[in-house]
Amino acid sequence: MTSPLPRPHPGLLLVGILLVGANLRAGITAVGPVLGDIQADLGISAAVASILISIPLIAFAVVSPLAPVLATRVGMERALGLALAVLAAAIVIRSLPWAPGIWLGTALLGIAIAVLNVVLPSLIKRDFPDRVGSVTGLYSAVQGAAAAAASGIAVPIAGLGNEGWRLALGVWAGLALIALAVFWPQLRTRTLPRAHPAGESTPRRSPWTSALAWQVTAFMGLQSTLFYAAITWLPSIERSAGIGAGTAGLHLLEMQLFGVLANILTAAILQRTRSQSLLAVVVTALAAVGVIGLALAPGNAAIWVAFIGLGCGSTIVIALSLFGLRAVDHHQAAALSGMAQAVGYTFAALGPIAIGLLHDATRGWDIPLLTLLIILVAQAIAGALAGRDRRIGEAHPRRTPARGGA
């Protein structure tokens, strides 16, 4: 059932959604640039320090299937509000001068973002059913911009005071609190799923038993694997080709900025198409051009990372939009989101590790890059299947024209 209280103005709700999006990656991408400082301060090895990057992804995989259960119990709005509050607390705990704090805070951060990741697409499906693609693209663009900014200003912020890396990580609690304040009016509303939609005698089909849902899940997992492998290893690939560390870092920022551009362009395209199959294949091909270019001419990395950024920025918008586009309602969208992100982020957590092991085994980047290219071929196939104009549980494509990518 849904609370009879009036909903906030759609414009205010949209601002709240965009601010939630800004919190989805900033707290994670701020870690990498100061990881060396964290390692030196805490006296931990590089291998142990790298776990700080993997913990949130593992939390995404574990918690994503549980997020729809939380939304069922307390309502989507309150689930998002609770997650934002936990996120702010987690960032503060992670920044305290208390040895266990960084581990506890990082784990709580991953749990909070996992809930936000899963519930937000369901909220968009409910409140913007005719603008799923465009709203998803907007919050993905904000997410990418905030992530790029967090990685770009982490080192300058760390140099502002004696707190160093703790300040660079802790400032992002303020962004979570701002999002919670703007989203606060939504907490008056408590949307709970009904056992059966009106006029139906059976519940919606579970995504776990749907071939279409598994195609969406495969696309989500494969595109996540490429993105996190690129974020992790692109600087190392470039340095092995003789590119300086500073330049390689700028290229990583370049990749994320091209990703933001792709977020916006993809959202505009999604508004005008019923099927996303061709688009998924084309943007996957862009990323493939970047990977092939890195393998054949790594000295021109500035060109190739732009292609990878465009490909990754487009595929994440498509993947997130598919949660709403392939679902019959926002309840099924939440279930699909939980399933796809649970499996997808398992791939994302393991992918960079596998690429690193391949590099160590072969003592070069040719085989790892070939592996990424194979992943992209599989991604194109999954995208072509998942992008078809169908809904979970439907036997045939829909015949009515799409409205706004819904």
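## Close-up views, with legends

**View 1. Asp-389 is buried, with a relative accessible area of 8%.** Buried here means under 20% relative accessible area, exposed means over 50%, and partly exposed lies in between (1.4 Å probe, protein chains only). Please keep in mind that this is a predicted model, in which local features need pLDDT of at least 70 and side-chain atom pairs count only at pLDDT 80 or more, while totals for chains, interfaces and linings use all residues. Residues are numbered from 1 along each chain as its sequence is written, and side-chain values use heavy atoms, with hydrogens and water left out. The partner of Asp-389 is Arg-274: their side chains meet in a salt bridge (3.7 Å, N to O), a term for a side-chain nitrogen of Lys or Arg within 4 Å of a carboxyl oxygen of Asp or Glu. The two residues are 115 apart in the chain, Asp-389 in the segment after α16 (366–386) and Arg-274 in the loop between α12 (245–270) and α13. Helices are DSSP runs (H or I, at least four residues), numbered from the N terminus. Arg-274 counts as partly exposed because its relative accessible area is 40%.

**View 2. Glu-77, Arg-126 and Asp-127 belong to one network of salt bridges that share partners.** Look for Arg-126 and Asp-127, whose side chains come together with 2.6 Å from N to O. Arg-126 has a relative accessible area of 13%, so it is buried. Asp-127 is buried too, with a value of 19%.

**View 3. A salt bridge joins Asp-41 to Arg-166.** It is part of a set of four found in a search of the whole structure. The closest N and O atoms are 3.5 Å apart. This pair links distant parts of the chain, 125 residues apart, with Asp-41 in helix α3 (residues 35–42) and Arg-166 in helix α9 (residues 165–170). Asp-41 is partly exposed because its relative accessibility is 45%, whereas Arg-166 is buried, at 17%.

**View 4. Glu-238 is buried yet has no salt bridge.** The residue sits in helix α11 (residues 211–240). What is the nearest side chain of opposite charge? That is Arg-239, 9.1 Å away; here Lys and Arg count as positive and Asp and Glu as negative, with His and the chain ends not counted. Setting aside residues up to four places away in sequence, Glu-238 touches Ile-243, Ala-248, His-251, Ala-301 and Val-305, where contact means heavy atoms within 4.5 Å.

**View 5. Leu-320 lies in helix α14 (residues 301–325).** With 7% relative accessibility, Leu-320 counts as buried. Beyond its neighbours within four places in sequence, Leu-320 contacts Pro-121, Thr-136, Tyr-139 and Ser-140. Val-118 is 202 residues from Leu-320 in sequence, and their C-alpha atoms are 9.4 Å apart in space.

View 6. The average pLDDT, the predictor's confidence in each residue from 0 to 100, is 87, and 90% of the residues score at least 70. Where pLDDT is low, the predicted coordinates should not be read in detail.
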